Every structure is written in structure tokens, then in C-alpha cells.
Amino acid sequence: MRALALLAVALVTSACVDREIAVQPESTENATAAQARAQLMALERASGGRLGVALRDPSGAVLLAHRGDERFATCSAFKTLLAARVLAGDTPLSLDDRLDFSIADVEGHAPFTRSRAQQGWMSVADAIEHIVTVSDNGATNLLLRSTGGPTALTAWVRTLGDDTTRLDRYELALNENAAGDPRDTSSPLAFGESYRVLANGAVLEPDARDRLLGWLQGATTGLKRLRAGLPTDWRVGDKTGYCAAPGAFEINDVAVFSPDGRGWYTLVYFLDRPADAEQGDAIGVEVARIATDLIGARAPS
């Protein structure tokens, strides 16, 4: 009920903004973007937290940003970058290699690692798939330790043209989200651009890119967040993140989607320290609807 009340406040505020924008001598495109930004501001105020959003089209053009250059903890959303690095062949690992582990490597949310605990090993291919589809922490740490750690992943991210995103720690420490701490953070604009480059660019071979996009589309952790606000006839994938430190909650989601099969948009949603963490999914749905409306308004008639 609290989430519904929050959204009602935001929608009423947005309706008032619509009337204000209507009298401004702006182009339709500028007015639509201004309306979208105002709606994001209303959602942020209602959430009691700090909201970061960035929407890019397949060419990289920024269609919408709110706190786009501010740093937010990435939480588990960085795992897509780790999977992509392995798929790109930038590590000593091959997909058929075996990662051995013990029960001590089962950290926090690790459903796949836990299911293999008696067996005591998993393949690299299985590990990278499950860090994307179910956000498995055990598999994430196994991969990081086998590929040079957080520093090596950050160095590879720099080759994507991303000078902002950084990883400094392993799971679960990277979820601390201490105020003002730059470790394990990115900005909505930088993070979305790295996802866009991976989805649309030549960093990955076509088969590897399709594999990564397939995992994002098969991910199960964000079905009630951004995905729930995007049209059901679009191709959509996402990777969530959640920092659960007391007093420092953050709810994240990064969606990649293709409305028409001609390229992938990216939408980044970071919500830091909301008054009620349970509102995170509902606010994500509204962010996705705002992005959908903006894209629809730009589409040729």
C-alpha cells in the first residue's frame, strides 16, 4: 500500500508538470524530455532516496538522464561485465575449464554454487551464465579470483572507454555502499554506455554477444522491476543489483531492450537509500514506463 501511495503522489505531480510544460515554447521533443525528467524528479522526492537514471539509444545518444554523472554503488549489476570479459577471451580461462571450490565458497545468495557444493566444481561456462541469470555470488568470487581480481576487471572495463566504473572488492564486501565511498561504483551514464557497447559493439564476437544477451533475457531476478514496465512485445533482458547493508540500501537494475530488432537500448536504474526498500521494484516499473513513453514519442509516425 505504501508503494501505491508513493506512485500516486508521483503521478499527480507529473500531471501538474504536464500542464506547465504545455505552455512552454519548446519543440515537442524537448517538451517530452523535460516532462520525463520532471517525472523522475517526482519519483525521487516520493522515494525519499537518491535516484539515478540513464537511457541511451543503440547509437549511444543520451535520451534521458537524472543524476547521470553521480556515483552509485553498482552492487551485483557489475556481474554482466565480468561475464563479458570472460566471453571476450581477455582472461586465462576457457569456457570448458573447471573451477574447484569448497562449501566455504558459498557466499550469501548463491543458489547455483550451493547446488554444486557436493560435486565441488563447476565449469567456467556454467559460472558466467549463473552470475548473470541468478546473480550467484559464489560463482562470481570464483571467477574474480581466477581472473586477476577486481583490479583486473576494472582495467578491462577501461578498454570499453569507461573511465568511471570500478570494482574494488569481492562479494559480499562490495555491497557495503558507505556514503561517499567511491569503491565499487559507477555513474548511470557510464554504466549504461558500457552495457550498450557490449550489446551493440564489436567487443564480443557475434556468438558470444548473442550468448550474453540470451542470459540477460533469461535472468530471473528482475522480473518485477524494469522489465515489468517495458512492453511485452519488446526483446528485454536485465541485470539487477541489491546492496542490503542496514541504512545503506540500494536497489539497481540495468535493462537492455530492442523494440524493433534494430539495436539495443540501455536503461540504468539506481535507487540509493530509499525510505522504504520495498518500494524499489514499484519505482523501477515507473522509471521503465517513463522511458517507454519517451521512446514512443520519438518514434516516427
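C75 and C243 are joined in a disulfide (a pair of cysteine sulfur atoms within 2.5 Å), with their sulfur atoms 2.0 Å apart, and by this rule the count comes to one disulfide. C75 sits in the loop between strand 3 (72–73) and helix 3 (79–87), whereas C243 belongs to strand 7 (residues 235–243), so the pair ties together parts that are 168 residues apart in sequence. Helices (H or I, at least four residues) and strands (E, at least two) are DSSP runs, numbered from the N terminus. The link of C75 and C243 is left-handed, with -120° about the S-S bond, and both C75 and C243 are buried, that is, under 20% relative accessible area, where over 50% would be exposed and anything in between partly exposed (1.4 Å probe, protein chains only).

This is a predicted model, in which local features need pLDDT of at least 70 and side-chain atom pairs count only at pLDDT 80 or more, while totals for chains, interfaces and linings use all residues. Residues are numbered from 1 along each chain as its sequence is written, and side-chain values use heavy atoms, with hydrogens and water left out. The mean pLDDT (the predictor's confidence in each residue, from 0 to 100) is 92 for the protein, and 90% of its residues reach 70 or more. Over residues 11–25, however, pLDDT stays under 50, and the model has 11 contacts (heavy atoms within 4.5 Å) beyond four places in sequence for them. Where pLDDT is low, the predicted coordinates should not be read in detail.

Leaving aside residues up to four places away in sequence, L143 touches L82, L93, L99, V124, A127, I128 and I131.

In helix 9, the buried residues are A208, R209, L212, L213, W215 and L216. They cover an arc of only 155° around the axis (taken from the directions from the helix axis to the C-beta atoms), which puts them on the same side of helix 9. What covers these buried residues includes helix 3, helix 5, helix 8, strand 7 and strand 8.
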